[in-house]
Structures are given as structure tokens and as C-alpha cells.
Amino acid sequence: MKGLTVFLIFSMLLVMGLDCNAQSRDQYMDQAKQILEQVPLIDGHNDVPWQYRQRVDHRLDSIDFAQSTKDLNPPMHTDLPRLREGRVGGQFWSVYIPSSITGTEAVQETMAQIDFVYRMVDRFNDDLEMAYTADDVRRIFDEGKVASLIGMEGGHSINNSLAMLRMFYNMGARYMTITHNDHLDWADAASDDPEHYGLTEFGEEVIKEMNRLGMLVDLSHVSANTMRDALDATRAPVIFSHSSAKELVPHPRNVPDDVLHKVAENDGVVMITYVVSFVSNEMREYYAERSAYNARLNSLYPHDPDTRSEKRDQWDDENPMPLPDIEDVADHIDHVRDEIGVEYIGIGGDYDGITVLPEGLEDVTTYPDLFAELLSRGYTEEELKKIAGKNVLRVMDDVEEVARQMQDEMEASDVRIEDFD
Ligand SMILES: [Zn+2]
């Protein structure tokens, strides 16, 4: 009898305990939103400037960013009301231009993108404010605005010139992704055939000058060998502004495990991205099948676009996209946490740079949903604050400190790419 009583009390305590721990999704959402009110959520990559460039020739009046951009055709993922709803505290606005644009035109086009960011921030200055340092981000977040940073996507923007690199820093650019999809004269990209098998000697000079300036070295888009060379060359921590884990999905844009370990030694941060073909193997297969089918149609029905488009629509109807969801993205975060720890993780959604998104992460309102998912997986509030923004702010602080040291030690480099021929 005594044994039975003990058993009953024990069972009751167990049930009560389970009840306390098993929070509902609503409770996790509330908790996630509270966390994002205490620390700035800093997203590594958003392509709103590109959307304005492509859709309306950079004309601010043509798309009202203060209203929902959801009903545009095609819809955008970002606008001021939705940034607020998603609790975004800091945003690296990408000033991307395609890597097919080269030479001085690349410099001019990148400047036009930067100009757009300033005009956007100026017009919506109740909600947005330019940030150049980690302390700027903290102050602007405390004022209740979205800290707006500039990220350059691709070294083609500097046209092989350290002078242009310095001028872009002076214009406010705070990271440069070393390449976009094509290799440069001084660095290999992930999505191109290898040419230099990493960074060239001039490429190492670019990294050094970025360290001296205090510009974040962004290794998204570069080849694995360029990642390794840049991590060997840099004196400051690096970022990946929008990449996921290669161990889970072997896309060349993702970060391999050996590089993750170098990132931990370097004290950098990998900002996990939502790009569906980086997040899900099924989506990689889907896209491969789809492009193979398109190649087949081109061969079977040359000069017959109507038949091709009819057959393509039929294929699309019969083959729905195997979209990944929040859990798939959280798996990448888990993987990096398991491999090197929570100190090296951030978020880089790539909103408005892509059209297809995982289910549940459709636009910038959904950051709290991802954090709710991580809470349900047992991440602590302190860990989530690091992932949201504290890790990136730590990297920015360190990069600024290294720049101060190097500026004491050396002047701007007058090295030219021709010196290395
Ligand atoms: Zn990109």
C-alpha cells in the first residue's frame, strides 16, 4: 500500500513536470518575441535594393515601402510593417549587382545601389537609421529603429582596385562578399569552375586591406578553397552572410565541416540561410530534374516555344515542389551548434534575393517562428540571443578592434593587381 502511494505521488509529479515543460507553440512564440525585443535580430542579407533596381529603376515613389509589398506581382518579402512584425533590429541591405557586370561599370552600378540604401533610409527615417559600427546597431536598436547596414555582394564591385575598396568603405559598406557566382581575377567562387584554387596573392592583399579598414570579410558564395585561404589570411573574424551546412546538403554554396571548425578558431559567424536548394536535398534533386526536362524540351521542340511552355506547365502540375520547412532550416542550425557551438551562428535569410522560401518562413515576419522552433528544441534564451544578434555584434566589435590595431601599424596599401603578374 505504501509502495502504491509513493508510486501514485511520483506519477503525479511526473505528469505535472511534463505539463510545465511542454509549452504550446503560442507560448514559444511569445517567448521568442520577448527575446527579440531584448537583443537586435540582425539579418545578414536582404536584397530590397535589388528589387527596387529591377522593378522600378530605383524609384522610391514607385513602391511604397511603408505599406505592404505583399500584393505586388511578384510579391516582395520585405516592407516596413513586416520588418516590425518580424522584430528585425538590424539589417545588412545587400547592394548586389550581377557578376556579369564588370570593370568600371560594376563600380558605378554598386554606387547606385548604395545611393538607393541612403535614399530609402532617409525617407523612412522614423523606422530606419544607417549603422556603421556595432555600437551604432546597439544604439539604434535601443531607439526602436532598424539599424541599416550596407553589404556588398561580390568583389567584382571593386574592379581589382584597393582604392575602390577603400572608397566603398568610406561610402558605408561594412561587408564585402569576396565573390558572387563567378570567379574573379583574384578569388574562386563556389558556383564556377576552379581557376586559382582559392585566393591569389592579390586576393590575400584584399583581405588584409579589408582587415585594416574594418570591413567584414564575407565568405558566402566563395569556393571551399577560397574559404580556407581567406580564413588563413585574415587577422579578424569572418562572416558567412547567407550560407548553410554542407554536411546536410552538399550544395557548393554551403559551408563544409572542416571550414566550420576554422570559423570557430577564427571566432567568426555563419549566418544560416533559407535558400531552399541550400536547405534541402529534395529541392536540389527537384531543380536538377526540372532543368533536365527543360533541356529535353529544347531539344525535342526547337523553335516551338508554345509547345515547350505547355509541356513545362504540365510537368510543373505533375511535379509539385518538395518545399522544405522551418524544421529543415533549424536542422542546419542544430548541425552547426553540434559541430562547433552556438557562439558561431547567425541568421541570413536572403529575403527578396530569392523567390521560393521554406514553408513557414515566407517573409520577414517569420523570424519569431524560427526562434519558437529553436525554443521547442531546447535552446536557451541566452543561446537564442547569441544567434539573433550577439554573435554578429561580437564579430563586428572584434573587426573594429583589429582595424584600430592595424591602422596604428600600417598605412593604406598601394599594391596593385599588376604587381603580381
Ligand atoms: Zn547571394
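**View 1. Helices α12 and α13 pack roughly antiparallel in this predicted model.** Helix α12 covers residues 281-300, and helix α13 covers residues 305-318. Their axes cross at roughly 155°. An angle over 145 degrees counts as roughly antiparallel, so α12 and α13 fall in that class. The axes come within 10 Å. The crossing of the two helices is right-handed.

**View 2. Residues at the contact of α12 with α13.** From α12 come Y293, N294 and L297. They meet R308, K311, R312 and W315 of α13. By class, the contact has 3 nonpolar, 1 polar and 3 charged residues.

**View 3. The protein chain around the helix pair.** The secondary structure of the chain comes to 16 helices and 9 strands. α12 and α13 are among these helices. Of the contacts between residues at least 6 apart in sequence, 76% join residues at least 24 apart.

View 4. The C-alpha atoms fill a box of roughly 90 × 65 × 45 Å along the principal axes. The radius of gyration is 23 Å. For 421 residues, a compact globule would have a value near 22 Å, so the chain agrees with that expectation. Of the 421 residues, 46% count as buried.

Notes
Residues numbered from 1 in each chain as written. Predicted model: local features only at pLDDT ≥ 70, side-chain atom pairs only at ≥ 80, totals over all residues. Helix = DSSP H or I, 4+ residues; strand = E, 2+ residues; numbered from the N terminus. Rg over C-alpha atoms; globule rule 2.2 N^0.38 Å. Buried ≥ 20, exposed ≤ 12 C-beta atoms within 10 Å, placed from the backbone. Contact = placed C-beta atoms within 7 Å. Axes fitted to C-alpha atoms, helices over the stretch in contact; angles between N-to-C directions. Parallel < 35°, antiparallel > 145°, perpendicular 65-115°, else oblique. Left-handed = near helix turned anticlockwise from the far one by under 90°. Nonpolar A, V, L, I, M, F, W, Y, C, P; charged D, E, K, R; others polar.
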